[in-house]
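Colleague: Could you walk me through how some of the labels in this model were assigned?
Modeller: Gladly, let's look at it together.

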Amino acid sequence: MTKHVAGKRPPLTERRAWKALATHHQHMRDVQLRQLFDADQKRGARLTLEAAGWYLDYSKNRVTDETLQLLLALAEECELPERIAAMFRGDKINVSEQRAALHVALRAPRGVRMRVDGVDIVPQVQATLERMAVFSEQVRSDVWRGANGKPIRTVVNIGLGGSDLGPLMAYEALRHYSRRDLNFRFVSNVDGTALTENLRDLDPGTTLFIVSSKTFTTLETMANADSARAWCQNALGGAAAIQRHFVAVSANSAAAEKFGIPAKNVFGFWDWVGGRYSMDSAIGLSSMLAIGPENFRALLAGFHAMDEHFRTAPTARNMPVLMGLLAIWYANFFKAQTAAILPYDEYLKYFPAYLQQLGMESNGKSVRLDGGPLTWATSPVIWGERGTNGQHSFYQLLHQGTQLVPCDFIGFGNSLNPLGNQHDLLMANMFAQSAALAFGRTAEEINTAGSPAGLAPYRICPGNRPSNTLLAERLTPETLGQLVALYEHSTFVQSVIWDINAFDQWGVELGKTLAQHAIAQLNAPPESAHGFDSSTWALIRRYQNFNRH
């Protein structure tokens, strides 16, 4: 077992750099961003960083040069450079499952070597990408046809978690580049309404299903897949129709074949790929079908560009490292319990939801790498909305609420759909909001502006609310890959500092296990009841009573 699990290092809160940051925070907690900007006229240009197509302005954070140096010292003391190298080497850093976490291999170009258990896995990745590309071109060129000879016009992705959120987010983010005569839908919820409403207006003869499940045993995914298969067979006939209307993304080709999908229509991936890190694997088949193999390769190139920046840049000029350390600063020293993701682009409407899973499933942990309990906070609750929708929803709390919510603003220099001056208006709102959060509005400013007597207390905005601003030229497949990789690596940085495993999800597994037991008990007689508390049994019985009427 690697040295960072062996328990030789002191707990995080006993480290010298952590204690120095705790002392420093006592001096910083009441410092105002107005003071910091007044004292350094070049702060807004100085506290910035450019990397892999993105510009980061972190000047509106409640930090000084000393803060940043102390955070970097903490990263060094937590052996962050060594942990980054271990991930790229293919070490089994997912210690609870004894697996590598080598999602960076999914976007490694041909010729790059990355090994798991001594085997270079890049050729396997490239072979899968080639198979995906061939299949995608067959569908997109109408060579692949349904059982009745019709071309495919709708693709329905059936998955759950990373097998849904990644493809859904990517499709919506890159819809500008998608084939408009192909319709894409995504079904994850096991609620029958989700599948029913998505299939209601479809022609089975022109519909292709992608069933995405690593094990091909996930209850919810397979329940939806079984219903979709029945819908398809009822309209098109026997098992032969399944071979033309279903493909699988899975590591379990035997189970897919048993379902009726031949091996040639199964696209595999590997146990060193976690679900929430898989959108650039075969899980992204729907994305490739939508935007084409060439654009999908550009997406991978964007991922790889940020990977290389993360791997090679010094920590002081490393964008994912810096963003991860700032998240630590607020979560652990300012006790911020949430963080907001605020993309100012309609295409990124599912990006906050995607980051919810990435951040909270990765770092929502309460046990250290060595198995001991944590005594410090880990992942904040991640949430957000595209602006300007959010501005008229929850920004009131950001400006005048009692909770500190660090924010990430994400925007682009050029719109993919320019209409009049609307993009200028959109971006003006983004810049204004970050400034308003940082600097607020004082009683003196309100009175000078001629506010009616007595209203000043209600109109004061305290400011001093921290934010990052990320800017790129425009939203492309490449910039999306860069952006996702940025947050992937920032999430990993936080896990290293917190001394936790970002690549397992045992809490999710517990829910799956109990759900299986609950399903078995729903139709069981009361005398056979076992394995649940009195509350859960009372709920099950009430549910059974509903179903008897």
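Predicted model: local features only at pLDDT ≥ 70, side-chain atom pairs only at ≥ 80, totals over all residues.

Colleague: What makes β12 largely enclosed by the rest of the structure?

Modeller: Buried means under 20% relative accessible area, against over 50% for exposed and partly exposed in between (1.4 Å probe, protein chains only). Six of the six residues of β12, 407-412, are buried, so the strand is largely enclosed. C407, F409 and G411 point one way, D408, I410 and F412 the other, and all are buried.

Colleague: How do you know that β12 pairs with β13?

Modeller: Pairing takes at least two bridges found by DSSP. Six bridges join β12 to β13 (residues 467-472), and the two run parallel. Strand β10 (residues 338-343) also runs parallel to β12, with four bridges; there A340 stands opposite C407.

Colleague: Why are α4 and α14 called roughly perpendicular?

Modeller: Angles of 65 to 115 degrees count as roughly perpendicular, under 35 as roughly parallel, over 145 as roughly antiparallel and the rest as oblique. Helix α4 (residues 65-77) and helix α14 (residues 319-333) pack at about 100°, with axes 10 Å apart, and are therefore roughly perpendicular.

Definitions and conventions: Residues numbered from 1 in each chain as written. Heavy atoms only, no water. Axes fitted to C-alpha atoms, helices over the stretch in contact; angles between N-to-C directions.
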